[in-house]
Each structure stands twice: as C-alpha cells, then as structure tokens.
Amino acid sequence: LEELQNKRLQIIIKHAYENVPYYRRIFDERGLKPEDIQTKEDLKLLPVLTKDDVRKHFNELIAKNADKYRPYIFESGGTTGKPLKFYKDSISSSIHSAAVWRYRNWAGYEYGKKWVVMRYETFAESNQKIPYRVEGNTMYLSSFHLKYENVGDYLSIIEKFNPEAIWAFPSTLYIMARYIDKQGSKFKFNLKAIFTSSETLFEHQRKLIEKVFACKIYDWYGSNEGVISAAECPEGNYHVTEEGIIEIVDYKNNVCSVGESGKVVGTSLWNYAMPFIRYELGDIALLSNKKCKCGRSLPLLDSVEGRIDDIIVTKDGRLVGRLDEAFHYSFGIRESQIIQHEIGKIMVKIVRDVTFSNKDIEILDEELKKRLGNDMEISYEFVDEIPKTRRGKYRFVISKVIKDYLEDMR
C-alpha cells in the first residue's frame, strides 16, 4: 500500500506542477521539480496549505484541465461557521465512497439494508411536526428539529421503521440516549451498528449511546475535502484509509514523531480537479505504530483529540483541549458550550436539566479550574438551548483567540 501511495503521489505531484498554477508557482519559488517529491517523507519540502490559502488562491488551485475530470463544487462542514468551497471530481468521489462502504461493511452493515440518516437534511419547506422522508431503504430524519421535548416522537418513528443502522452526529444521538436513559423508555431497536462522524465523539457520549441502543458505535474521521480519512474497526481502532497521505505536524509545521500529538495534514491522491497537497484539516491527532488485533494492516490513528478551535488558551499560555471530562460530574447539566473571546477568560453556556442545582456549577467550576488553572476567569450563562451551526453540527468549544495565538507562535 505504501508503494501504491508513493506512485499515486508522484502522479498527482506531476499533474499539479503541470496543470495547477498555484503549485507551479510554489515549486518554482522553492527551486523544486516534481521528481523531488517521491515519497511522503519528501512532502516536508512543500508548505502547508491552509483554508485561508484556499480562499485566497481559489482560482489558482483549479487545474487548467479540470473539466476532463468532471468537477463539481462542494463545501466543507464549516464547524467554524465559515464553510470552505472547493472542487471535487468524479474519481476522488468514487474512491472515497469505496472507503466509506468498506468501513460500514466492517460493522456488519450491508449496502441496501434499511437505515436512518440524521445529518444535514434541513426539510426547510416541510410542514411535518417531525420532518422525515423515506427513499428506498433509507429514512432521512431531521436533526435540526430535535428538542428534548420531542425525542420520544423521534424514537417512535425510528422504532417503527426498524432500521439495521443509524448514521448521525454524536450530539444528536447523545440527546436521544440521555432521554432513553432518564425516562426508562422501552423502545425496541434491532440495530447492528451506529455510525458517527462530522463531530468529535466524546467517550462519555460513546458509553451512553452504546448502552441504551445496545450496539457498537463505529466512528469515522474525515473531511469533505476528501484528503484523508480514518475508519473505526470492530476493535475500536481508527485505521487510516489509503485514499490520501496523512502527516501530523506541530504548530510550526514540523513533522511530529509517531505518538506525538499535533495538527492533521493530508494530501489527496485522487482529486485532479483541485489537488490539495499538505492540506491542514484543523484537527489535533496522533499516529500510532501499534498493530491492530483485527488484522487490518492500515496505519492507526492513536486518537483524534478534537479540532484546533476546541483548544482553550490559559493565562500562562497553556493550550488545553478535551475539557468534556470536566462536565462528567455535574449530572444536572443537560448541554453545555465553552466560548473564549479573550485569553485567560471563558464563558460557559448551560442548558439545565430538571435535576439541576447550584452544586452542579460548584463542581463544574472546580473541575474546570483543575484543568485551566485557578486564575482562569469563568462566567456562566443559562440558556434554553445551544445553537448549532447552519449544517446542524454542535460545537462544544468556540474559540475566538486560538487562531491568532498560534499564528503568533510561528
């Protein structure tokens, strides 16, 4: 597979140099030729491509012969609230689809069986109380209309459809799981698998969802840009698919050692219409050199730790992520969101459950300061709901400072 990837890399690099103005300029400025990039180890000779670079040089990044590959405009999920537009082509879409369906087969779910998809469908024109539609084996159910008050109605619709699998955002499934767990509802499902993607799947979410739905979650890590992806196997490990080349780099864009946490950078091996080479996805992760018990030899991601935008900057300059655990001990909090507008200060939005008491805030405050420092200034705001992005995603952390902070570090 490494030999195959190196061959594909050499082909896409040659194509980019000959047909993509942006890369011709980058190569020429650095005194490089396509033959200088033979393996993924050589990619460090090229700069990292950021989302801002794509916006700024959009037309330069389109291949002069893009029409040959049947391109179509697409956009990223936009968890930062600012979706990115780009071109994909028919070849890269086919390769990506193959990788996705292989992963679903790992879970025992076969193409053509009944399943429920709760993701991007808005049903904007629908007058249904709980908007949904059925197309063949697929039920599309709105995630935008879900509230704690109508979860029972959602679950009844799913139970009646009797799917073998559900594909949804982790936050959507967690709301349902909390409802079932607290209400003691006796819904009966015959699920073989639950598929999650597009948001960070936190461990407390996984445990509760698997418990109440009585089946395993298979998480997928990837991006709409299609540069790289990783699929969870039955052993619970993330296998990096061969559709792209993954690198983990530090905040100064130096390649990290295996086992060292850093930014995820990916190179697409198949998108000829608009090649993304060393593209920064905006996520934090680390690679592993372990072998999986499942026998699959694809490289492993040790963990996906979240988005760069999920990191809080403390007064003493520490970069702290994965703050979800601080909320595990405040059982009266239904949903929450951390917002940082200024270094050393955060505001926490709280949706209260019926069991909420002031003790929940006292415990949360203590747990957050254990992680962020006693000098972290924390304020709280009680709200009826946490707003989602326009594509229906839930953001646990919104940082307005991390991007500039990291730029200053370079």
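This is a predicted model: local features need pLDDT of at least 70, side-chain atom pairs count only at pLDDT 80 or more; totals for chains, interfaces and linings use all residues.
Reader: How do you know that the structure holds zero disulfides, and what keeps Cys215 from forming one?

Author: A disulfide is counted when two cysteine sulfur atoms are within 2.5 Å, and the search for such pairs in the structure returns zero. For Cys215, the closest cysteine sulfur is that of Cys233 at 16 Å, which is too far for a bond.

Reader: What makes Cys292 a residue in no disulfide, and where is its nearest cysteine sulfur?

Author: The nearest cysteine sulfur belongs to Cys294 and is 3.4 Å away from that of Cys292; because the limit for a disulfide is 2.5 Å, Cys292 is in no disulfide.

Reader: Are Cys215 and Cys292 called buried or exposed, and why?

Author: The word buried applies under 20% relative accessible area, and Cys215 has 9%, while Cys292 has 10%, so Cys215 is called buried and Cys292 is called buried as well.

Reader: Why is Ser197 called buried, and what is around it?

Author: Ser197 has a relative accessibility of 4%, and because the limit for buried is under 20%, it counts as buried. Ser197 sits in the loop that runs between strand E7 (193–196) and helix H7 (203–213). Beyond residues up to four places away in sequence, Ser197 touches Arg119, Trp167, Ala168, Phe169, Pro170, Asp219 and Trp220.

Reader: What makes the pairing of the Ser197 and Arg119 side chains a polar contact?

Author: A polar contact needs a pair of N or O atoms within 3.5 Å, one able to donate a hydrogen and the other to accept it, and the side chains of Ser197 and Arg119 are joined by such a contact of 3.0 Å.

Reader: Why does the lining of the second largest cavity have no polar and no charged residues?

Author: The classes are assigned by residue type, and because Tyr, Ile, Leu, Pro and Val count as nonpolar, the lining is classed as eight nonpolar, no polar and no charged residues.

Reader: How does the lining of the second largest pocket divide by class, and which elements supply it?

Author: The second largest pocket has a volume of about 900 Å³ and is lined by 32 residues, with Glu2, Lys40, Ile246, Leu287 and Pro299 nearest its centre. By class, this lining has 13 nonpolar, 10 polar and nine charged residues. Helix H1 (2–19), strand E11 (244–249) and strand E13 (279–288) each supply at least two residues of the lining, and E11 gives the most, with five.

Reader: Is Leu287 called buried or exposed, and what touches it?

Author: Leu287, in strand E13, has 18% relative accessibility, and because buried means under 20%, Leu287 is called buried. Leaving aside neighbours within four places in sequence, Leu287 is in contact with Val240, Ile246, Ile248, Val258, Gly259, Leu300, Leu301 and Asp302.

Reader: Which residues of helix H5 are buried, and what covers them?

Author: In H5 (residues 151–161), the buried residues are Val151, Gly152, Tyr154, Leu155, Ile157, Ile158 and Phe161. Their cover includes strands E3 (115–118), E4 (132–135), E5 (138–141) and E6 (165–168), together with helix H6 (170–183) and H7. Just after H5, Asn162 takes a positive phi of about 55 degrees.

Reader: What makes the phi values of Arg70 and Arg278 worth a remark?

Author: Most residues other than glycine have a negative phi. Arg70, however, has a positive phi near 50 degrees, and Arg278 has a positive phi near 55 degrees. Arg70 is found in the loop between helix H3 (51–56) and strand E1 (72–75), whereas Arg278 is found in the loop between strand E12 (262–268) and E13.

How values were computed
Residues are numbered from 1 along each chain as its sequence is written. Side-chain values use heavy atoms; hydrogens and water are left out. Buried means under 20% relative accessible area, exposed over 50%, partly exposed in between (1.4 Å probe, protein chains only). Helices (H or I, at least four residues) and strands (E, at least two) are DSSP runs, numbered from the N terminus. Contact means heavy atoms within 4.5 Å. On a 1 Å grid over the protein atoms alone, a cavity is a set of points where a 1.4 Å probe fits but cannot get out, and a pocket is an open set with protein on both sides within 12 Å along at least five of seven lines; lining residues have an atom within 4 Å of a point. Grid points are joined across faces, edges and corners, and a volume is the space filled by probe spheres set on the points.
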